[in-house]
Amino acid sequence: MTAPIMANIAQDGAQVGVQAQAIHGDVYYQLPPDASPEHKFRVGVRYLNARVRDRARQLIEEAAAEGYVTDEVQFHRLLALLSGRTLRQLGEDFDHLTAICDSLPHLDGGDEWRAGLRAVLRLLNSLNTAETELVIKELDELKRGQRDKIVDHLGVLLEGPMEDQMWRRSVERASAGRLAGDRAGRIWKFFHPSPVPPRVLPVEPASTPLGEWARAAVGTAAFVLAAGKVATLLLHRGELSPILGYLACVAGLAAFAVGGADRHFRQARRRAKESTFTPPRQRRAEAPAGGFARKVDRYFDDYFRRYVPSDTDRSHWLTQTTGIRRHLRNEVVELYREERVGAERVAWLIRHLVSDVRQRWEQDTLMAHRVELRVPVTTTALHLGGLAVLAVGAFWMVPATVLTAPLTGTAWLLLAAAAAVIGARACFRIMAERRRVAADEAERARQLAARREAFDRWRQKLSNKPSDAEMASWLECDRKILVNAAMRHYRLRPSQVIAQAFIEAPARSYQRARVPHGPWRYSRYRLLLFLLTDDGVRQVNIDLDFKDGDYRTTQRLNYRFDAVAAVRIDGLETQQQTFELTLFNGEPISVRVTESITEGVQPDEDASMLAKLSLDASGLVHTLNVLEGIAAEGKEWVRHQRRRADERLAELTATVRNLID
């Protein structure tokens, strides 16, 4: 026996951290309180496909107890009971296995489910016979659905040559299935949270101070009064040229007002647009660590560094877009901060905004507003031409007015000029604010349309995310391949392995996601594999990158049964739980198995039940049963399990033989 090589792995486990998490809205495991027995059975089968075996057994047994008993139900009852275990590991469940077999009718004829049920019983009976070829032949004659389920779930059930054959088939299926269904192209979508729908900032309503309205009203009223008095004086004088000059002043003033209002709006809007591209003068205080704003900052920084326009230096790009980057960041934070939306759910919007900036940069339209808001020739003509006509008209009008009434005429002219200036400025601001609202509404409509289009594209891209059953299937394939690799390393045949057990724990820097009422799935796993042989325990620690199936072995340990001192789980059920294995001659081996389950619990979910599901899916329950038995009794536990299994199997095979013969 190789001496154990010990290392405490609690330190790695203590650094586990969540990068992102998602809870999808699937109804895959939904079970209403008044669910029918058939509904319970269907959900139980889904849990079985997800390798959540204890919950699957519970629901299938409830359906059978409530009277829903068919060949399909009995087939899955046996699979749920035997899945992933050898007969030696059944223990007290032998009684339940016997009870199920006693309840079965004679299995002649029937549909594909009865044929599958008969094949399972033939496998059980083959332990005391030499019917290996007959069993394999009957298995091959099954329809694919039943055959694949038997191979997947019962690959380690038997002993001897039959077990070796079943395991070989199971590994072949795992090799073919581990990358099936475009795993590499789809698995990341399961860990991506559902994107939040697009939003745009609301248009600020026209906001004109009361003083501005007062200046416009008073200025207009004063100008009309003064202009009327001047017109009266000129009419009283009775000369044609001053009257024509007065009319020219009115026409010039009107042209100047139209051109001036448009010019004022364009210049004000251009200044507002330019401000979004101007870097802030003062450095902004950094957002709190771990908060929504900080995560948005990281997304913007990351995407602006990645999405550099072609033929552009990255440092130049980042420097020139400092202002627009800050403006867009503030907009996203303002839009979603109060809704408690995770930053991961708006990553698509940030990516769209950055892509839009890059595209406009490459098309040289990033500053297109400078062209769009350039003062047109017609506006300049009205503005300057109006001033010229006003000056010419005043040349004829002003002297005649002063000569007609030196004091009052001069006073009315001065009042008209002052009122025109004050009123025009106020009216320009009021009209510009009204036009600003209309322009903002049009711009917001274009933004929302573009964001909706980007949102629909992204949602369509995520539409074929894997189901939880596919995730479980890929993980099962990975695990079988890893177990097979460990067996090859130790030069073990499956029939030489008394039992195999494993623990699936989240690795460091993982992403996680789940469907309602389902276990957490992780993007990175730390797997602890235990192979029990007559010589002792072979333990292999493996880091698995679940997204692409790559893995690396981090540690191999060999130790005798009597070297196991204690096995325990620390932590509350719904909080972080840590598995700890203590050997007599080494430091404890510990690994964090589950994270807190309370975060993200849906209204119709039970945190305690979710914790049990996660533990069940992790393999911890089954592994604890095996290791606790070893810690308590050592190698005697193995002998006891073998002796008891042989005794109970002898009783079982008589019943099974009567059913299939």
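Leaving out residues up to four places away in sequence, V346 touches V196, F292, V332, Y336 and V341, where a contact is heavy atoms within 4.5 Å. V346 sits in the loop between α15 and α16; helices here are DSSP runs of H or I of at least four residues, strands are runs of E of at least two, and both are numbered from the N terminus. V346 has a relative accessible area of 0% and is therefore buried; buried means under 20%, exposed over 50% and partly exposed in between, with a 1.4 Å probe and protein chains only. S194 is 152 residues away along the chain, yet its C-alpha atom and that of V346 are separated by 9.3 Å.

Before going on, the ground rules. This is a predicted model, with local features requiring pLDDT of at least 70 and side-chain atom pairs counting only at pLDDT 80 or more, while totals for chains, interfaces and linings use all residues. Residues are numbered from 1 along each chain as its sequence is written, and side-chain values use heavy atoms, with hydrogens and water left out.

Next, the cores. A nonpolar core is a set of buried Ala, Val, Leu, Ile, Met, Phe, Trp, Tyr and Cys residues joined through side-chain atoms within 4.5 Å. The largest has 83 residues, and within it L97 and I150 touch the most other members. Residues up to four places away aside, L97 touches L78, L81, L82, L90, L124 and L652. A second, separate core has 33 residues, including V196, F300, A343 and W458.

Now the strands. Which strands make up the open sheet of 3 strands? The order is β8-β9-β10, with antiparallel pairing; two strands pair if DSSP finds at least two bridges between them. At the edges are β8 (564–570) and β10 (589–594), each pairing on one side only. From one strand to the next, the twist averages 15 degrees. Helix α22 (residues 620–633) packs on this sheet and touches β8, β9 and β10, its direction making about 150 degrees with that of β8. Axes are lines fitted to C-alpha atoms, for helices over the stretch in contact, and angles run from 0 to 180 degrees between N-to-C directions. Between β8 and β9 (residues 577–583) there are 6 bridges, and I569 stands opposite F579 in β9.

Why is β2 (residues 499–506) largely enclosed by the rest of the structure? Because 8 of its 8 residues are buried. A499, A501, I503 and A505 cover one side, and Q500, F502, E504 and P506 the other. Strand β5 (residues 524–533) runs antiparallel to β2, joined by 8 bridges, and A499 has L532 as its bridge partner there.

Last, the open space. On a 1 Å grid over the protein atoms alone, a pocket is an open set of points with protein on both sides within 12 Å along at least five of seven lines, and lining residues have an atom within 4 Å of a point. Points are joined across faces, edges and corners, and a volume is the space filled by probe spheres set on them. The largest pocket has a volume of about 1,400 Å³. Its lining has 42 residues, of which R269, K273, E443, R444 and Q447 lie nearest the centre. α19 gives the most, with 12 residues.

Notes. On a 1 Å grid over the protein atoms alone, a cavity is a set of points where a 1.4 Å probe fits but cannot get out, and a pocket is an open set with protein on both sides within 12 Å along at least five of seven lines; lining residues have an atom within 4 Å of a point.
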